[in-house]
Amino acid sequence: PDVCYNFMYRKPETATQLLMHYFVARELYIAHSLSRNFFWYQNLLWPEELQVPCMVMLSGEDSIVPAHSVRRYLTGWIERQKGDSFRLLWFPNMGHGEMNFGPVGLAACKRIVAEMMSLEARLRVGPLA
């Protein structure tokens with residue numbers, strides 16, 4: 001519910017949120033799909049349903065996803081699991097989708113790729129194994 005409200009109905013507070021509000025959330029087909037054809041019970045993903053190895057990336061300044069709550073939940077779940085095939089990457093100073101833009105985003109993408117390669121090497125999965 002937080003994601004839907006934040007994306008569709010919350011009043012924009014920053015320039016980025018304003019751009020997303022008018023050019024993404026209000027785009028005809030996105031708005032129609034989310035308003036009429038999106039049912040949360042069909043689109044929830046619990047950690048138990050993820051296939052491992054798996055990596056989740058969260059942004060601390062995310063204006064759509066309640067990233068701090070998701071991080072707290074996933075951290076508790078990871079601590080109860082055995083093994084290290086689940087990675088949680090935290091980018092405290094990035095907003096939603098910011099890893100797609102600029103030098104900060106490029107650094108985040110490099111970190112993500114490095115973590116993926118490390119996870120793959122440690123688990124010995126992939127095309128070169």
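Which helix does Phe 23 lie in? Some notes on that and on the rest of the model, which is a predicted one.

1. Phe 23 lies in helix 2. Have a look at its exposure too: Phe 23 has 64% relative accessibility, and exposed means over 50%, so Phe 23 counts as exposed.

2. Together with Leu 18, Leu 19, Tyr 22, Val 24 and Ile 30, Phe 23 forms a nonpolar patch on the surface, and the accessible area of the patch comes to about 590 Å². Helix 2, residues 15–25, gives the largest share of the patch, with 5 residues.

3. Now for the inside. In soluble globular proteins, nonpolar side chains tend to be buried together. Here the largest nonpolar core has 8 residues: Cys 54, Val 56, Leu 58, Ala 67, Leu 74, Trp 77, Phe 86 and Trp 90. At least two residues of this core come from each of strand 1 (54–59), helix 4 (67–80) and strand 2 (86–91). Apart from this core lies another one, of 7 residues, including Met 55, Leu 89, Met 99 and Ile 112.

4. Beyond its neighbours within four places in sequence, Cys 54 is in contact with Ser 85, Phe 86, Arg 87 and Leu 119.

5. On aromatics, the whole structure has 2 aromatic pairs. One of them is Trp 77 with Phe 86, edge-to-face, at 5.1 Å centre to centre and with 70° between the planes. Buried means under 20% relative accessible area, so Trp 77 at 8% is buried, and so is Phe 86 at 10%.

Note on methods
Residues numbered from 1 in each chain as written. Predicted model: local features only at pLDDT ≥ 70, side-chain atom pairs only at ≥ 80, totals over all residues. Heavy atoms only, no water. Core = buried A, V, L, I, M, F, W, Y, C linked by side-chain atoms within 4.5 Å. Buried < 20%, exposed > 50% of the residue type's maximum accessible area, 1.4 Å probe, protein only. Helix = DSSP H or I, 4+ residues; strand = E, 2+ residues; numbered from the N terminus. Contact = heavy atoms within 4.5 Å. Patch = residues over 30% accessible without salt bridge, like charges linked within 9 Å, V, L, I, M, F, W, Y side chains within 5 Å. Areas by Shrake-Rupley, 256 points an atom, 1.4 Å probe, with all protein chains shown as cover. Salt bridge = Lys/Arg side-chain N within 4 Å of Asp/Glu carboxyl O. Phe/Tyr/Trp six-rings, centres within 6.5 Å; stacked < 30°, edge-to-face > 60°.
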